[in-house]
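Hi,

Here is the structure I promised to send over. Have a look at it first, and my notes follow below.

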Amino acid sequence: MELQTLLLFSATVIPLVCTPGPDILFISAQGISGGTSAAWKANFGIILGYVAHAILAALGLAAIVAASPIIFHTIKWVGVAYVAYLAVRMLISAMKVSEAKIQKVSNHAVIGKAFLTSFLNPKGLLVYFAILPNFIQLGESVALQSLMLSATFILSCVIIYGVIGMLFASMHKKQCYNDNKRRVTEGVAGGLLTFAAIGLATS
């Protein structure tokens, strides 16, 4: 595959990666409420979701989902419900006064939530089904080209989401923790997830 094709593909998908959606807002929420570590865990989970999309696309399941409005919309609304559930839990926690220290969330919890957030976001399947095939060149290995394009998309997500996560993580200062700050940061995080759910529902 020519470098020019990879660059053109990158120029096509990077604006989509940068578009605010459930993935970016989830990472932002984790960064502002849990700091750098939480932001990178969220980023890792989001990427795992896109890797799963790439595997589904390679197996041809993405085409089946895209061709079936019922399956597609089921995935979409399950995703909306899940992100909304996370938002409500965060907002409820923000309204509670607590004397306890902030609890460290396990790696598996953050990564698992992030995975579901991206996996249940139909945007990933659309990237692999509607955009990626347009850059496949005849006469070359389809599997290899698909792998290279998928890796390009995923690498773009890692870099862009990583930068965004670090920016929001910079607002989190663990050494200055107090309950008022916890409530504010969790309220902001819950608000971001609320916007994510609304955006996913209206997309």
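Of the 203 residues in the protein chain, 44% are buried, meaning under 20% relative accessible area with a 1.4 Å probe and protein chains only, where over 50% is exposed and in between is partly exposed. Keep in mind that this is a predicted model, where local features need pLDDT of at least 70 and side-chain atom pairs count only at pLDDT 80 or more, while totals for chains, interfaces and linings use all residues. Residues are numbered from 1 along each chain as its sequence is written, and side-chain values use heavy atoms, with hydrogens and water left out.

The protein chain has 8 helices and 0 strands (DSSP runs numbered from the N terminus: H or I of at least four residues for helices, E of at least two for strands).

Now the rings: there are 2 aromatic pairs. Rings of Phe, Tyr and Trp (its six-membered ring) pair if their centres lie within 6.5 Å, and planes under 30 degrees apart are stacked, over 60 edge-to-face, the rest tilted.

Tyr50 and Phe153 sit edge-to-face, 5.1 Å centre to centre with 70 degrees between the planes. Tyr50 is in helix H2 (residues 22–59) and Phe153 in helix H7 (residues 142–169), so this pair ties together parts 103 residues apart in sequence. Tyr50 is buried at 1% relative accessibility, and Phe153 is buried too, at 3%.

The other pair, Phe115 and Phe119, is stacked because the ring centres are 5.4 Å apart and the planes are at 10 degrees. These two are 4 residues apart in helix H5 (residues 107–119), about one helical turn. Phe115 is partly exposed at 27%, as is Phe119 at 28%.

Cheers
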